[in-house]
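Please keep the sequence and the model open side by side.

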Amino acid sequence: MSFPHLLSGLFWLGALLLAAGLLRRARLWRRGRAAPASWLGLLAAPRRYFVDLHRVVARDPAAARAHVAAAGGGTAALLLIALNYGLLLHQRWLDLLLATAAALMLAGAALMRARRRPPPARLSQGAWQQLPALLACFALGALLAAALAGGELWLSAAGQGLAAVALLLLTLGGAELALGIGLGRPMKHAVAGLLHLAFHPRAERFAGKSADLKPLNLAAGELGAARAEDFAWNRLLSFDACVQCGKCEAACPAFAAGQPLNPKRLIQDLVAAMGGGGPAYAGSPHPGRPAAASADRDIVGSALAADTLWSCTTCRACVESCPMLIEHVDAVIDLRRHLTLARGELPGKGAAALANLRHTDTVGGHPLRARYHWAADLDLPLLREGEAVDWLLLAGEGAFDMRYQRALRALLTVLKAAGLRVAALGEAERDCGDLARRLGDEAGFQRLAQANIATLARYRFARIVTPDPHVFHCLANEYPTLGGRYEVWHHSRLLARLLETRAIRVRPRASAAPLSYHDPCYLGRYNDAYDAPRRVLACIGIQVLEMERSGRDARCCGWGGGAAFTDIPGARRVPDMRMDDVRAAGADRVAVACPNCTAMLEGVGGARAEVVELAELVAERLLDAGHEPAQGQGAVEREVV
């Protein structure tokens with residue numbers, strides 16, 4: 001048999017093994033719950049790969065170059081082999097293209113090997129350490145095959161020896177891809193990753209939509225995920241897309257604090273819960289926590305420990321940094337829902353917070369009528385049924401905190417200085433339900449959300465403003481699923497607009513001490529609102545000393561996801577690490593735009609930077625609190641209508 005025909009046979013053998021392995025793996029995915037997905041997603045996969053995925057990969061230029069060369073060259077080589085040898089075309093010009101693609105892939109494999117010598121701690125080793133060599137084998141084999149198959153060289157004795165070497169190299173390298181998906185080896189991510197992009201469990205992500213959680217159908221008995229089959233099938237698929245690069249591990253505040261959570265290991269725990277087998281995990285463990293060992297079939301207690309889930313701050317730093325666009329936080333919340341709704345198991349003060357919400361509609365168990373006591377002397381009107389107002393202020397749970405009441409007073413002072421028509425609900429305002437939902441109490445969240453939607457339906461207002469990113473996120477992005485649709489502004493956006501339209505006057509830009517700015521997770525990563533707070537600071541003449549981890553890479557304050565209530569111990573506290581970031585930036589003040597961030601950063605012990613709320617900075621620079629510029633107010637109203 002001729003060498004080109006041997007190449008054709010080898011290609012079809014590999015294709016059959018790949019198809020068989022894919023069917024085997026698909027049986028594991030199909031154990032999951034039904035989920036809406038369209039085959040048209042396959043048409044969207046190339047754009048999601050070349051645009052959305054590479055937007056994340058490109059943040060690490062060295063990794064991007066290695067990935068483009070290895071994955072791009074490898075994909076091109078496989079397509080050319082399929083075309084020239086799978087279809088038995090045996091065209092010389094296709095061999096020349098194959099040689100070019102193989103050379104590119106070989107360069108990429110060399111770059112991958114260089115990055116793993118020695119490997120950073122975040123990278124998994126074991127079978128992953130062998131992957132660059134296997135890719136290099138395939139590339140060298142393809143390069144030799146392209147040189148031999150197009151002529152008569154393979155007919156000579158030396159040529160036949162080279163042909164045998166080429167076939168051996170192609171077999172060694174190709175086996176990783178052909179068998180990877182079926183045996184759960186590293187290259188399974190290549191196939192699973194492309195299918196994951198096509199059938200992503202959060203397809204709206206590619207349209208720039210917010211990361212809202214999907215409600216459970218409680219009436220149908222949905223109580224979160226206890227076992228692998230409780231996840232949607234395409235979420236099981238997404239777990240197999242993990243490349244174990246550890247970028248989520250490097251971004252995770254809980255991992256850095258020494259709490260028992262490593263998001264990379266978490267995903268691999270979930271892969272193990274699927275029963276897919278494969279090489280033993282060879283990466284960083286959950287800090288201070290050996291793998292759970294129980295005969296229980298429930299994931300929590302067999303594949304992972306409950307404290308791992310409760311360590312998560314839901315900050316989405318892992319999701320933001322993941323080059324495969326895996327949604328770690330959604331999986332965490334699904335597992336928490338089962339622990340809370342079915343088992344009733346919450347650590348720390350989580351259970352007490354949920355009990356307060358059930359009995360008082362506030363996290364702290366406060367009387368609702370006390371929410372606006374801080375405004376007793378500020379002439380804040382309460383909205384009455386039948387009346388109309390331009391701006392409805394929702395203060396959130398921060399209104400019960402004496403420290404944050406200063407920020408609320410400052411905000412109201414600024415809004416009144418702008419002449420805006422603002423009112424509040426008073427004791428009709430309940431908690432938005434964010435904490436209940438993040439702690440897994442979906443029933444509590446839906447009760448609060450539906451009660452708030454019914455309340456808001458009785459009042460007339462143009463838009464809502466809130467200084468709390470958690471309230472903002474819930475009302476703007478999670479209430480619409482339950483029927484509540486509103487125009488919601490975070491106060492940083494409104495403050496920026498008031499300053500830019502000169503609806504308020506501030507003192508001329510004198511020398512002001514620079515400060516740092518802390519990005520709240522639920523304002524930044526959840527809602528892509530990084531610019532408005534910085535515009536506010538620029539308008540009042542304050543220079544921002546950016547921390548090394550800011551914007552999309554900002555470190556969480558440690559409150560999110562109820563972590564301040566579950567309080568899983570670690571080697572350090574997350575807010576202490578964030579205050580270290582402030583000091584490293586050279587700032588002795590840090591601006592915040594969230595009541596929870598304010599509380600966490602002010603709770604740091606010892607010498608620390610001063611914590612100042614955004615509205616406080618604007619209020620202290622107001623030129624005339626009694627100024628009511630009709631022209632400026634009109635500019636704001638024209639912009640929002």
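Is Asp298 buried or exposed? With a relative accessible area of 14%, Asp298 is buried; here buried means under 20% relative accessible area, exposed means over 50%, and partly exposed lies in between (1.4 Å probe, protein chains only). This is a predicted model, in which local features need pLDDT of at least 70 and side-chain atom pairs count only at pLDDT 80 or more, while totals for chains, interfaces and linings use all residues. Residues are numbered from 1 along each chain as its sequence is written, and side-chain values use heavy atoms, leaving out hydrogens and water.

**Salt bridges**

The structure holds 52 salt bridges, each being a side-chain nitrogen of Lys or Arg within 4 Å of a carboxyl oxygen of Asp or Glu. Three of these pairs are set out here.

| Asp60 | Arg115 | 3.5 Å |

Take the salt bridge of Asp60 with Arg115. Asp60 sits in the loop between helix H2 (41-57) and helix H3 (61-86), and Arg115 belongs to helix H4 (residues 92-115), so the pair ties together parts that are 55 residues apart in sequence. Helices are DSSP runs (H or I, at least four residues), numbered from the N terminus. Arg115 is partly exposed, at a relative accessible area of 27%.

Asp330 is buried, with 6% relative accessible area, and Arg202 is buried at 3%. Both residues belong to a network of salt bridges whose members include Glu204, Arg205 and Arg316.

Arg227 is in the loop between H7 and H8, and Asp298 in the loop between helix H11 (263-274) and helix H12 (306-310), 71 residues apart. Arg227 is partly exposed, with a relative accessible area of 31%.

**Where H6 meets H7**

The axes of helix H6 (residues 157-183) and H7 come within 7 Å and cross at roughly 65 degrees. These axes are lines fitted to C-alpha atoms over the stretch in contact, with angles running from 0 to 180 degrees between N-to-C directions. H6 is therefore roughly perpendicular to H7, a label covering 65 to 115 degrees. In this contact (heavy atoms within 4.5 Å), Leu177, Gly180 and Ile181 of H6 meet Lys188, Ala190, Val191 and Ala192 of H7.

Terms used
Helices (H or I, at least four residues) and strands (E, at least two) are DSSP runs, numbered from the N terminus. Angles under 35 degrees count as roughly parallel, over 145 as roughly antiparallel, 65 to 115 as roughly perpendicular and the rest as oblique.
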